[in-house]
Structures are given as structure tokens and as C-alpha cells.
Amino acid sequence: MIQHQLRLKDHFLEYRLFTNRVIILLVMCTLILVALFSRLFYLQVIAHDHFTTLSEDNRVKLQAIAPNRGLIYDRNGILLADNLPSFRLEITAEQVDDMQATLTELAKIIDIRDTDRVRFEKLLRNKPRFEAVPLRFHLSDEEVGRFSVNRYRFPGVDIQAGLTRHYPLGKLAVHALGYVGRIDENAIKYLDPSNYNGTTHVGKIGIEKSYEDVLHGKVGVQQVETTAQGRVLRVLQRTPPVAGRNLYLTLDSRLQDAAEKAFGDHTGTAIAMNPKNGDILALVSMPTYDPNPFVNGIEQADYKALKSDENQPLFNRALRGQYPPGSTVKPFMGLAGLEQGVTTAKSSTYCPGFFMLSGSSHKYRDWKHTGHGTVNLVTAITQSCDVYFYDLALSMGINRIHDYLEHFGFGQPSNIDIQGELPGLLPSPEWKHARRHQPWFPGETLITGIGQGFFLATPLQLAEATATLANRGLRIRPSIVRAEQEAGSNALLPHSMQIEETITVNNPANWDTVIGAMIDVVNSPRGTARHIGIDSPYKIAGKTGTAQVFGLKQEEKYNEKNIDEKLRDHALFIAFAPAENPKIAVAVVVEHGGHGSSVAAPIARRIMDSYLLGEQ
Amino acid sequence: MMNAVVSTSRGDASQLGWQHRLHIDAPLLIALVGVSTIGLVVLYSAGGRDMDLIGRQLLRLGIAFTAMFAVAQVTPRWLQRMTPWIFAIGILLLLAVLIEGEISGGAQRWLDLYIVRFQPSEMMKLAVPMMVAWYLADSPLPPNRFQLLASSVITIVPTLMIVKQPDLGTALLIASAGFFVLFLAGLQWRLLAVLFVLTAAAAPLLWHFMHDYQRQRVITFLNPEIDPLGAGYHTIQAEIAIGSGGLFGKGWLNGTQSQLDFLPERSTDFIFAVLSEEFGFIGIAVLFICYTIIVIRGTLIAVQAQDTYTRLLAGSLAMTFFVYVTVNTGMVSGLLPVVGVPLPMISYGGTSIVTLMTGFGILMSIQTHRKLLPT
């Protein structure tokens, strides 16, 4: 190697060295370019489809469009369930820097309760990216205004307009209508997730639940182009939702209102039915409650108050209240006796005020301790003589009682088109053996004959049986929805009448005997409900009943002398009118109302007046 | 190579007289105007059709081209004389920035000169290769061990100062500018190997110097899927933009990744992804043709240069420009970690565009101040 100090600049050598290095660098540059373009070729040509998919996934999002829920009208077209525009506050978490600070600031201008926060945080945990989560529903106009002014301070927070369910008549007919509520974990299990994508509310109870499929409609979908922040720029493609069908109920809200008012402060239940077609005209369970707070989540305290109310407003007595039918069962027993030849219209029995089984000293008492004297079937029904029916029941035997009353729908669900009804209980030895593992005792036959003992019926069953009697054997399934209507169409799609059974009789005159006896109950001087018949412009056929209260607390049971209201008997009344051409059949139960004639019959009268005379 | 020199010299004498008088190199100028035009078109799309943005970029380009023309009038001889002073001032300014940064307690790149904000690190992009070339020009080449050491110090001191600022991208470009001078000076392969080993050994030191976010970038580069919505988001979205552009692109203003905000920093460091998405592989090719013309022309100017200083400086400037382009495009296409290097002449903003054009002014000066040899 040459000594550095002595080296002179050799320009030619340096130039050659330089050009060599330039060539080396250019070769390296070329290699780098080849690498770079290979990469670009891979991205843009070979993997192009893959990246196109990713790019489309970025850009295009599918949004479900919830269908508008069908409206519910009464039989006369009065709106019972409506969809009102409402504003909700939504937050897109990705666009919020400090969620806690935002919530704190929002709370200063908008009322945000703890329940809102809890629900919001729950929804926030499992939501798709860039999806807005509702914080508050049902903003008031002032809140919308206040937020709009302050909107610039809250990036990622927005007001969304939507429709929310509203029940304009409030408490009226709530036990028939039911209500919708927010979809919760329970509802998610039985809903079709694709059809409910975008839907926030679902029918929870009543018609809203039973007709959920019809009311909900079919979800729509739109492809939207969004920015990275999730802001929708334009709709690329749209399949509109199909709105749910409107429902027209058989219910007459005017009659319903009159019926609810007729109860006053009493707790109880009433069903009014058109015997000719099974239409439920009124379905009353008192007290009622306002379903509107349930739609967007009722306050815990309010719910507790409803739940702990001793009158149990949430309890649907009309469908789920199972009461001993008491003496209201006597016309059916009478018909059974006549039909089976156990008794005749003429044959009479002496009532001393009690009845004793042979070989037993136990006295089965009549409600009238002095006794009714000599009674036949008609007077026994008219005066509600128990002894006559003890005797009749004993002669028929429990199996024949069971089998005959079954034709009237006792002991089985009526299959009304509202979910949740209970079947009542029409006892039989088989039932007792299977459920209680005990033999049937003859004494139990006696009290079954007057609608006590194990015998339980719902008001709906009583009404159905009464309508069947009024129809002289034609048992029609009770129904609450009269017709459906496609959204945007005026045409009604009527529900057809379902005949459950046609009871054939050996002697049609037997109907006249029993119905005549029921007319006497209201119209003869000794009838138990004569006071409602005195001034009636139409002829009523009815039957009073009194049901001993079951299911009381143990310590109260033995304290019969000291009768407070909760221990009083339930008052029952069944009726139809006009007797010669029945247009309405009614069953009324007033809890702890005492005798059927005193409180239940007047309520039934007011219901029938309202329907037949158009009185409020 | 010799033939090229002779033939071009002959051409200079006969046809390209006006270029000599105005000190302009026409091929370079045309390619630069071409790239700037492509840049404005892409920027209009990337910036969301903001004409104010385009106006400001045009102003910046105007200043840059003016700087280029001005520097082209200066003789290389004068530039060579001034080199140590320029370098010394640059070092002082860098110190000032660092001290001010220490006081204000934050990252500091700017020096507020009240009228303009000035980035001393930009100045060093030119001052470092000038200084190394100045240092090596008078001694015989290739450089010996001592010269290698001295040149390395000239390069590394400002580089580390800029890493500390922190500006990894600029530091990288400055280091490579110094390195290219040494390499073009004919540094022996043996010494080159030593330099390589030393650099590799210094890597952990560099890691130590890095800020957390810079380290994060390197980690993210190695595996962008670790944090697809955080640090890896840039890279992933850029790849989607490039890949979905395909051969012909989605069309100007039609890039969904760009127009719908999926692509971050799309008018600055990631503007290459916008170009790739909207103009596709073909668009990239056109841009790279322009870039290649600039690099080739710069290299040719270096090869034709008549003394060591201008030759080394011109070669380094051309090569650094190539590094500039490939670091940015490599980073956007996922071949390199995300370092903050803009795409030359295309990315919006920064003083880098002025520095770049000043560099091309130096190249034009070198080309047009040659004494033409009689043939």
C-alpha cells in the first residue's frame, strides 16, 4: 500500500473510482426499486382482490332498518297503541375522548339517571365498532333544545329521532293490550336475531306479546357508505322494511271504560263477550296500571310500588285469576241434571237449610240457615238453594258432573288469542288421584255441585260458559283480535270465528228451563239479583255466586268471626242480555265483595247498559 | 462513461447555451416540474379539495423554485469556500434548538426567527454532505482511516443531535448523505466493513436514544397486527389503500380509503397511499419515471463534474434524494418502519421542499458553471 502522506492526487484514478462507485450505487438503486415494485405489484395486482374486500369492508356498512310496529285499534277504530316520534340521545364511543367527562357534562343539561348510566354502560360493552349507543330515551323538547345549543361541545354525541310506543288511553285495557319493552337478555333468546336487528322493543305481555309476529313486521336493510368515523355519507342500496300489521281488536274501548269505571274502588275482574261470535268486548282486571312507563324501562321504585301494592294491579285477574265459581255453576249443573235424566223441571226437593250424607252426621249447610223449603230446579236456581244442588250432585256423581261441565269449557284453556291464561280446575277423581294421591270423597261431590271445593274457573271461562248457555250450546272460542290490516292498506283481513263445540241436547226445552230460571234470578220477586232487574229496559238472564276466599294466610283462616275486608267472600255474577236474543254475555268477579247480588250484579248491569243502551 | 462526458460537453457548447447563461438544467427542471404537478393533483384529492391548501403549497413551491434558481447562480467555487462556515452555523443553530428544547421541556425542531420558523436540521441535510466533500476534496482519494474517522464525526455529531430532537427521518437522511460522500470518495471495502460493523454495534445505542413512540413504530413495523387500531392502524390502512388501488386505481378523487378518512396523515407522510389508491400501479410508475429521471440526471451531473468537491457533493445529493423517495414509499407500502419522512415534492408542508430544491439548485450550479473544454 502506498504511504498516505506521500500520495498525490491522481485525478484519473479518482475519477475511475468515482464512476465505479456510481455504478455500484445505481445497481443497488435498481435492486431497491425492484424490491419496492415487487411489493407494490404484490399489493396492487396479486393481492388486489383481498385489499379490495378490506377496503369495501371499511367503506360499506350494513344497517338494519327497524320496521314500524303495527298500531292497535279497538273495534271502532279508536287508537289504543300508537307510535310517537321521540328523540333519544346516542353516543358513539369512538369519537369521545373522555367518556366520564362527557357524561358528567351531559348530565348538567340533560337529566341522566343512574338506570340510564347502568344500561348505557352495559350496552357499551358489547357493541360493534363505531355504533352509537343510546343513553337516554324520550328526551323532552327542552332537553332537545338545550342539547342542540351545546352540541358543539359534545363530539360523538347525537340526537336520533325514532318512534316509540305510546298507549294514548293509558290505564285502559292494559291487561288485554299489554305493553312493549326494551329487548333484554330474556327476549334475545326467543327472537330471530336477523329480523330484530335494529329493533329496540318487543312485546312483553298481552296482545303486544301474543301478536308480536304480526305487529313487528320485517326488518329492512341498507348498505351505507361511511367515513372512518362512522358517519353515513350515502345509502348505496336499500331494501325497505315491511311495517307490521295493524290490529283491530274486538274490544270496545267505550265499553271497557264503562266497565272499569263500574268497579269503582273494588278489585275484581269482568269479561264481556258477544255470545254470537266470541268477540271479547271488554276485558277488565282492576286495578289497572299505566303501561307507558314500562316502554322505556320503568323506574325501580315505581315498579316496586306496583309490585308490592296489596291490590296487585299487575295481576291479570281476567285471564289468570282462578276463583271458585260458586253458585254461578248452578244453571250448568241444572242443565246437566235435566239432560242426564237425574232430575226434571217438575221434581222438587225439601230444603231444611242443610244436607246430610247417609251414614254421616256432618251437615252441609245452605247459605240460608232457615232453608228454602220445597224447591224445584227453577226455584233452586232463582233462590240459589244449595241443598237442591247437593242432592242433584250426589245423584249425578262426580264423573258425570265433570264430563258434562267440560262441554262448557271449564277446566281447560279457552284458547283465547292472548297468551298467559290459566286453565282453572274442573275436579275429578282421576285428577285427585293423579295430583293428590287421594281417593275422592262423596262430600267433595256435594261442594263441587255448588262450585266450591277444588273447583276453580277463570272469569274468561265463566264468560265463555255463559255465552255458550246463551247460545244454547254453541261454544265459540273467545277472541280479542277481530282483524289485521297491512300497513298502507285499508282492507281488513278478518279473523274467522272458531267454534269449539256444539253441545247437543236430548231435549231443547231444557235450555228454556235453565235460561228461564236465570231470567227469574233477575226478574222474579224472589230472585237473588232482582234489584238489578226492576228497572231494566231489557230482559237479563243471570246468576249470582259467592266464592269462599282461599289462599289466605294461615293465621287468618281460623279467625272467621272477625271478618275484615280481605277475608270477605268474592262476589260473582254471570249474565247475558237481552235474554230472548243475547247480544252480550258477562262474567263479573268482585274480590271480597261479599254476596254476588250486592256488588257484582250491579257492575254487570252497568256493563250491559253501556253496551245495549249506549250509556256511559 | 468517458464518451458520455465528451458528447454532453459537445452538446453544451452548441445547443444548450441558454441553459448555461441562466444556470438552469432543463432535464432536471422538467422532471421537477413534472413531479410537482403530480404532487399538486394528488394533494388536491388528499386534502379534501381544499383550494387554500393548494394555494399554500403553491406558495411553498414558488419559494422553493426561487431558492433553486438563486442557488444555481452561485458558483460551486464560492459554495466550497463557504462550506465550513455554513456547517459551523448549522451546528450552532442545532445546539440552540436543543437548548431551547431542554428549557421548554418538549420536542423542539423549530427555531423561531420571528419572521420565519426555521428548521436547522433541514439546513444540515445540505451542510453535512458539503462538509464531508469539502474535507475530502483536497486530499488524495480514497480516504484513509483517519479521514474516515473525521468524516464520520462530521456526519454523526449532527445526526445524533437531530435524533435527540427527535427527528429520526431527517437524521437518517443526513447520515446517509454523509455516508454517500464517503462511499463515492472510494472508501475501501475493508473500511466500509468496519463502518458497517460499528454502525451495527451502535444500533442498541440508537435504540437507547429513541423516544418511546419511535421504538413503538419499529415494533409496529415488525408486527402491525399487534395493535391494528392503534400504532398499526397507519400501516394497515395504507396497505389497504395501495392494494385496493390495483393496476389502474380507483380514479382521481374516488379513493374511498383516502376520501372517507380511513387513511391517516394522507396529505403529508402517507400521500403516496392516496396516489396508489387513486392512480394505481400505473400512476406509481409514472411518478417513479420522473423520480428516476431526477436521480439519473443528478448522477450524470456528478459524473460530469470537474472537481472532487462538486463530484462528491452532486453524487451524494442525487443518492440522498433516492433514499428520500424509497424510505417514504417503503414505509407507506409496509417495507420499512414508519419514520417521519415526507414524499419529496408531493407531501404537503414542511421546509423540506425548500431544502430539496436548494439541493437541486446546487446540482444546476455544478452543471452550468463547468468550464467547457474545447474539443
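**Close-up views of a predicted two-chain model**

**View 1. A hairpin in chain A, with a glycine in its turn.** In the hairpin built from E20(A) and E21(A), six residues sit between the strands, and A:Gly488 takes a positive phi near 80°. Strands here (E, at least two residues) and helices (H or I, at least four) are DSSP runs, numbered from the N terminus. E20(A) and strand E21 (residues 492-494) of chain A run antiparallel and are joined by three bridges; strands count as paired if DSSP finds at least two bridges between them. Across this pair, A:Ala483 stands opposite A:Pro494.

A word on the model: it is predicted, so local features need pLDDT of at least 70 and side-chain atom pairs count only at pLDDT 80 or more, while totals for chains, interfaces and linings use all residues. Residues are numbered from 1 along each chain as its sequence is written, and chains are lettered from A and ligands numbered from 1 in the order in which they are written.

**View 2. The other partner of E20(A).** Strand E20 (residues 481-485) of chain A also pairs with strand E12 (residues 246-249) of chain A, antiparallel, over four bridges. Here A:Leu249 faces A:Val481 of E20(A).

**View 3. The largest nonpolar core.** This core has 124 residues, and those touching the most other members are A:Ala270, A:Ala272, A:Val586, A:Val588, A:Ala600 and A:Ile607. (A nonpolar core is a set of buried Ala, Val, Leu, Ile, Met, Phe, Trp, Tyr and Cys residues joined through C-beta atoms within 7 Å.) Helix H24 (residues 596-613) of chain A supplies the largest share, eight residues. Domain 1 (62-249) and domain 2 (253-306 + 323-480 + 499-613) of chain A both contribute, so the core lies between them; the domain bounds come from an automatic or database assignment. Beyond its neighbours within four places in sequence, A:Ala270 has contacts (C-beta atoms, placed from the backbone, within 7 Å) that include A:Pro459, A:Val586 and A:Ile607. A second, separate core of 112 residues includes B:Leu94 and B:Trp134.

**View 4. B:Leu53 and its surroundings.** B:Leu53 belongs to helix H4 (residues 51-73) of chain B. It counts as partly exposed because it has 17 C-beta neighbours inside 10 Å; on that count, 20 or more means buried, 12 or fewer exposed, and anything in between partly exposed, with C-beta atoms placed from the backbone. Leaving aside neighbours within four places in sequence, B:Leu53 contacts B:Leu43, B:Gly47 and B:Tyr348.

**View 5. Where the chains meet.** The contact takes 34 residues from chain A and 39 residues from chain B. On the chain A side, H1(A) gives the most, with 17 residues.

How values were computed. Two residues are in contact if their C-beta atoms, placed from the backbone, lie within 7 Å.
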